[in-house]
Amino acid sequence: MKVVKIIIGVVSVLIAAVTALQTYALAVITNAAGAVLGSLGPKTGTVTMAAFLVGGLVAIIMCDSKLGSFTAGTVYLAEAVIGFYKMGEFGDMLLWAVVSAVFVIVFTLDSIFTKQPVKPVLTG
């Protein structure tokens with residue numbers, strides 16, 4: 001499961017890069033068009049990018065930890081909720097919400113079924 005968590009972490013960082021590019025492009029278009037296209041697109045994209053970046057980095061750095069799985073799953077859950085909430089406004093949000101939901105399932109199952117190694121107690 002460690003390899004799966006690392007792969008999900010790397011994919012999340014790549015998704016963060018894609019959403020950062022989308023957000024930047026949307027911000028440029030919105031600024032160029034002025035008040036006509038004023039929307040929350042850049043803010044929603046930035047939150048999406050940050051959630052995937054943080055979730056991915058936590059998944060990579062804490063791949064051996066049950067706490068890491070729980071933390072990454074929580075970040076992905078927040079992203080899924082935001083994505084499903086904003087999916088009517090932005091077409092790509094549904095895709096990112098579904099991907100986040102799948103990641104939530106993987107990390108939740110991992111945090112439930114992973115057994116932490118027991119450290120021996122030294123008595124002197």
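Visitor: What does buried mean here?
Guide: Relative accessible area is computed with a 1.4 Å probe on protein chains only. Over 50% is exposed, and in between is partly exposed. Buried means under 20%.

Visitor: Is Ser111 buried or exposed?
Guide: The model is predicted, with local features needing pLDDT of at least 70, side-chain atom pairs counting only at pLDDT 80 or more, and totals for chains, interfaces and linings using all residues. Residues are numbered from 1 along each chain as its sequence is written, and side-chain values use heavy atoms, with hydrogens and water left out. Ser111 has a relative accessible area of 14%, so this residue is buried.

Visitor: Which residues does Ser111 contact beyond its neighbours within four places in sequence?
Guide: Ser111 lies in helix α4; helices are DSSP runs (H or I, at least four residues), numbered from the N terminus. Contact means heavy atoms within 4.5 Å. With those neighbours left aside, the contacts of Ser111 are Lys66, Ser69 and Phe70.

Visitor: What is the relative accessibility of Ser12?
Guide: Ser12 is found in helix α1. Not counting residues up to four places away in sequence, Ser12 touches Phe52, Leu53, Gly56, Tyr76 and Phe103. Ser12 counts as buried because its relative accessibility is 0%.

Definitions and conventions:
Helices (H or I, at least four residues) and strands (E, at least two) are DSSP runs, numbered from the N terminus.
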